[in-house]
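Biologist: I'd like to go through this model with you. Can we start with the words you use for it?

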Amino acid sequence: MEFDVIEANDLQALVNRVQDYVKTGWVLKGEVFEKDGNYTQEVERRVAEQKKATARQKSWISWPVVNS
């Protein structure tokens, strides 16, 4: 899991940044916190697993061997 904390000076800026994060697969975690006029929101997302390279299907035709 990846974690990040989004910080902004005003609530509208926080909302805009959170929307951008959500569009890229992040999920909100917890509540919005406000302290001294600054707002924070925790977000998290699962780390994408590495996909295994697909094995190429070998041709069923036996190609002739060229001797150079």
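Modeller: Buried means under 20% relative accessible area, exposed over 50%, and partly exposed in between (1.4 Å probe, protein chains only). The model is predicted, so local features need pLDDT of at least 70, side-chain atom pairs count only at pLDDT 80 or more, and totals for chains, interfaces and linings use all residues. Residues are numbered from 1 along each chain as its sequence is written, and side-chain values use heavy atoms, leaving out hydrogens and water.

Biologist: Is Trp-26 buried or exposed?

Modeller: Its relative accessibility is 10%. The cut-off for buried is under 20%, so Trp-26 counts as buried.

Biologist: What kind of aromatic pair do Tyr-21 and Trp-26 form?

Modeller: Rings of Phe, Tyr and Trp (its six-membered ring) pair if their centres lie within 6.5 Å; planes under 30 degrees apart are stacked, over 60 edge-to-face, the rest tilted. That rule gives one aromatic pair. Tyr-21 and Trp-26 sit 5.4 Å apart, centre to centre, with 65 degrees between the planes, which makes the pair edge-to-face.

Biologist: Which residue in strand 3 is the bridge partner of Phe-3?

Modeller: Strand 1 and strand 3 (residues 38-45) run antiparallel, joined by seven bridges. In strand 3, Phe-3 has as its bridge partner Glu-44.

Note on methods: Two strands pair if DSSP finds at least two bridges between them. Helices (H or I, at least four residues) and strands (E, at least two) are DSSP runs, numbered from the N terminus.
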